[in-house]
Amino acid sequence: MNLDRFAEILPQLSQLLLDAVNTGASLGFWMPMSQADAVLYWREVMQGMIHEKLVLLVAEDGGEVVGTVQLLLADRQNGHHRAEIRKLIVRGTHRGHGLGRALLSAAHVEAAFRGRRLLILDTRTGDAGERLYESMGYTRAGEIPGFTIEPDGARHGTTIFYHVLP
Ligand SMILES: CC(C)(COP(=O)(O)OP(=O)(O)OC[C@H]1O[C@@H](n2cnc3c(N)ncnc32)[C@H](O)[C@@H]1OP(=O)(O)O)[C@@H](O)C(=O)NCCC(=O)NCCS
């Protein structure tokens, strides 16, 4: 994704994130998420792209953004073989048709191209993502109970996965 295209689709990316968060996805934000917070978040992503710490992949259908995923490239000297998969999101209307799997596969291709063969990620324990990651060869490293906290004080566990690309 180049930065010019990123600027064009920023409103759509914000809407994608808003819709996911505001329908209960665990993506780091409480609902209701505001448009302003979504735009601020994508500006942070843009900074990561500018500093070449982050790769953003976007799926479009007829010019409309329908999914996204990110690769956060570890920048420590001892971590140049490693990346974190972040913010895999498919638009509600497009779920259940293999797009999430396709985005993750595309992220694997991109990671391998950059020599990042050790992938890590975390997901809310019990979410749909767990089945997806396991079916894509990820190994469950463990669970951290009470990792996230909601406005009402409710806490949720997170499950950490890793995968070594061939
Ligand atoms: C998780 C998400 C990306 C999956 O996208 P998708 O395009 O619907 O996924 P796919 O159609 O490629 O399905 C791939 C696999 O995921 C699992 N899966 C997808 N939706 C599921 C659901 N509702 N319940 C349980 N498993 C599910 C299944 O194992 C599925 O494989 P199968 O169809 O062979 O059974 C999508 O639900 C989403 O955007 N959720 C909100 C954001 C989010 O929570 N992201 C994960 C952050 S870690």
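The shell around the ligand divides into eight nonpolar, seven polar and four charged residues. The model is predicted. Of the 19 residues around the ligand, Arg95, Gly100, Ala128, Arg131 and Leu132 come nearest. Two further topics follow: the nonpolar core and a hairpin.

**Ligand shell**
- Strand E3 (82-90), helix H3 (99-113) and helix H4 (128-135) are the elements that give two or more residues to the shell around the ligand.
- H4 supplies the largest share of this shell, with five residues.

**Nonpolar core**
- The largest nonpolar core has 33 residues.
- Leu17, Leu71, Ile85 and Ala107 have the most contacts inside this core.
- Two or more core residues come from each of these elements: helix H1 (3-22), helix H2 (35-50), strand E1 (54-61), strand E2 (64-73), E3, H3 and strand E4 (118-124).
- H1 gives the most to the core, seven residues.
- What does leucine 71 touch, not counting residues up to four places away in sequence? Leucine 71 touches Leu54, Val55, Ala83, Ile85, Ala107, Glu110 and Ala111.
- In soluble globular proteins, nonpolar side chains tend to be buried together.

- Strand E5 (residues 139-149) lies largely in the open, because the number buried among its 11 residues is zero.
- E5 runs antiparallel to strand E6 (residues 155-164), and seven bridges join the two.
- Within this pairing, glutamate 143 stands opposite threonine 159 in E6.
- E5 and E6 form a hairpin with five residues between them.
- Glycine 153, in the turn, has a positive phi of about 95°.

Notes: Residues numbered from 1 in each chain as written. Predicted model: local features only at pLDDT ≥ 70, side-chain atom pairs only at ≥ 80, totals over all residues. Near = placed C-beta within 6 Å. Helix = DSSP H or I, 4+ residues; strand = E, 2+ residues; numbered from the N terminus. Nonpolar A, V, L, I, M, F, W, Y, C, P; charged D, E, K, R; others polar. Core = buried A, V, L, I, M, F, W, Y, C linked by C-beta atoms within 7 Å. Buried ≥ 20, exposed ≤ 12 C-beta atoms within 10 Å, placed from the backbone. Contact = placed C-beta atoms within 7 Å. Pairing = 2+ DSSP bridges.
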